[in-house]
Amino acid sequence: MTDRHLLIIGGGIAGLSAGCYALRSGFRTTIIEHNLALGGVCTAWQRGPYTIDGCIHWLTGGPFAALYEEIGIIPAVKLRTLETWLIYRDARDGLEVAFTRDLDALVARLTAIAPEDSEELCRMREAAASLATMQPELGASELVGVRDRLHSAWQMRGAIGSLAHFRKPIAVWASEHLVNERLRRMLTRLLPETTPALFLLMVLGYLEKGYLSRPVGGTEAFRDALKSTYLNLGGEVQLHATVDEVLVGGDRVRGIRLADGTIIDADLVVSTASAPETVLRLLGGRYDAEVTRDRLARWKLFDPIVLASFGVERAYKDIPSTLLIDGIAPFSIGGRANEHLYLRVYNDDPSFAPTGHTVVQAMLATDYTWWATRGTRYGSEKDAVAATVLAQLEPHFPGIRAATRVTDVATPLTYWNMARAWRGAFEGWMPSGESFFAHVNKTLAGLRGFYMAGQWVEPGGGIPMAVMSGRQALQLACADEKRPFVATRE
Ligand SMILES: Cc1cc2nc3c(=O)[nH]c(=O)nc-3n(C[C@H](O)[C@H](O)[C@H](O)COP(=O)(O)OP(=O)(O)OC[C@H]3O[C@@H](n4cnc5c(N)ncnc54)[C@H](O)[C@@H]3O)c2cc1C
């Protein structure tokens with residue numbers, strides 16, 4: 001290890017990933033984390049005998065699995081391949097569709113529901129298969145030579161037709177290419193409707209290939225494995241410390257200043273904080289601010305959520321572990337109307353609850369400003385939300401209200417308090433036709449020794465992107481420092 005000090009702002013997945021690669025590449029490394037714990041939004045917490053899992057519904061492996069191996073998550077954590085992504089249920093007439101790995105069966109089922117859309121469904125089937133064979137560029141694109149770029153473009157040639165046809169947001173593509181109203185509605189419910197349709201097809205293609213999984217032991221096991229790699233490599237951490245400024249001298253980073261005034265010197269800084277926090281607050285808008293302001297004006301942020309979890313004294317063995325219930329009367333959660341319930345039923349892993357008990361969790365759209373202006377009513381509004389959600393669940397889980405032993409409600413303010421999620425945007429920029437295909441630089445023009453990683457430089461966010469971007473930030477740092485980038489154990 002050299003005495004070059006690399007400081008990382010934020011101990012979420014991207015920060016921990018950057019930290020592991022930094023240590024392997026010989027830097028002395030410190031993570032400064034605002035929260036009391038590492039993990040960022042990829043976290044889980046305990047409520048009595050129940051584990052409230054705040055993150056991983058599905059983990060994308062396939063081409064990204066090699067990265068999880070590099071940073072010691074696999075084989076430390078076992079991954080259970082997902083056979084079923086989710087079950088869609090229409091409460092109006094009980095129609096159910098299982099989104100399973102058998103895509104031929106799925107397409108047959110959808111064709112039976114919407115025979116007039118059979119041609120487009122076949123096209124989707126083919127696109128899912130071809131998109132899943134595309135190899136994402138895992139390395140920093142800034143360092144990729146012309147030859148490798150041409151090679152990647154050549155590899156994509158089979159999927160170009162699908163990329164063009166399915167590039168539009170799901171809702172737009174559905175209205176342009178699907179006739180059947182029910183099918184349109186179903187497909188636009190599965191992911192945020194601004195997401196390009198091809199993202200949905202990639203998910204289905206990955207599902208078919210067995211690339212989607214859940215870690216045994218849930219998010220906690222995943223986060224803790226990564227944390228262990230970082231600490232075992234000798235990484236340092238300061239928890240409950242908020243960076244207030246990135247210190248710059250002669251257009252080169254010199255260190256950071258914490259909220260309590262402490263100054264920490266550093267030769268290089270990687271920020272995994274949000275784009276507005278990093279560019280506008282910590283750097284005072286002195287580098288590339290217009291680009292960030294422009295994105296804030298044009299790109300949508302991830303819709304904030306309420307995560308309402310219930311520890312229930314029921315086994316719920318036969319209920320799907322991911323259930324989307326559509327066709328219910330709209331109900332309001334913190335200033336936002338919800339028309340469907342997206343539920344995780346944690347009956348697929350014994351680590352979440354004692355035998356005979358289950359955690360049932362609803363992820364609901366909400367409004368940031370509404371929560372931020374509740375004042376002293378904040379606590380009672382959380383109780384009211386819990387009651388509303390339980391009332392919604394009761395028809396689908398008879399007796400749940402009476403069997404609920406523990407209630408936990410996370411709001412956009414929870415995400416702000418624990419992970420400084422800007423305006424509750426827990427996954428950064430919402431993927432859209434523009435942001436999804438955009439390249440966000442991991443450096444700022446004119447500033448040396450400074451890099452960015454995490455979901456704010458990878459629109460759409462997600463764990464694989466957080467891991468990959470931490471790795472890429474270190475590739476760039478190593479290239480600037482003229483030292484080899486080391487990814488694996490020597
Ligand atoms: C409910 C939920 C479900 C999800 N489900 C999935 C899923 O199924 N699959 C999947 O792949 N992804 C999922 N995600 C998304 C995934 O968890 C995130 O995209 C990823 O963990 C982001 O990691 P990050 O390190 O980029 O950001 P973050 O986790 O936000 O980490 C940034 C860290 O920086 C710290 N920080 C910020 N500013 C400062 C500062 N000034 N000083 C000090 N520290 C600071 C924050 O406290 C935070 O810990 C889910 C997320 C949520 C919330």
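1. Helices here are DSSP runs of H or I with at least four residues, numbered from the N terminus. The structure is a predicted model. With helices named in this way, α1 gives three residues to the shell around the ligand, the largest share.

2. The ligand has 37 residues around it, and those that come nearest are G10, G12, G40, A273 and G454. Two elements give two or more residues to this shell: α1 (13–24) and α17 (463–481). Sorted by class, the shell around the ligand holds 18 nonpolar residues, 15 polar ones and four charged ones.

3. Three strands form an open sheet in the order β11-β12-β13, and their pairing is antiparallel. At the edges lie β11 (243–249) and β13 (263–265), each of which pairs on one side only. From one strand to the next, the twist averages 30 degrees.

4. Within that sheet, β12 (residues 252–258) pairs with β13 in the antiparallel sense, over three bridges. I263, in β13, is the bridge partner of R257.

5. Helix α4 (residues 118–131) and helix α9 (residues 197–209) have axes that come within 7 Å and cross at roughly 70 degrees. Angles of 65 to 115 degrees count as roughly perpendicular, and α4 and α9 are therefore roughly perpendicular to each other. On the α4 side, the contact is made by M124, A127, A128, A129 and L131. On the α9 side, L198, L201, M202, L204, G205 and E208 take part. By class, the residues of the contact of α4 with α9 are nine nonpolar, one polar and one charged.

Methods: Residues are numbered from 1 along each chain as its sequence is written. This is a predicted model: local features need pLDDT of at least 70, side-chain atom pairs count only at pLDDT 80 or more; totals for chains, interfaces and linings use all residues. A residue is near a molecule or strand if its C-beta atom, placed from the backbone, lies within 6 Å of it. Ala, Val, Leu, Ile, Met, Phe, Trp, Tyr, Cys and Pro count as nonpolar, Asp, Glu, Lys and Arg as charged, and the others, Gly among them, as polar. Two strands pair if DSSP finds at least two bridges between them. Axes are lines fitted to C-alpha atoms, for helices over the stretch in contact, and angles run from 0 to 180 degrees between N-to-C directions. Angles under 35 degrees count as roughly parallel, over 145 as roughly antiparallel, 65 to 115 as roughly perpendicular and the rest as oblique. Two residues are in contact if their C-beta atoms, placed from the backbone, lie within 7 Å.
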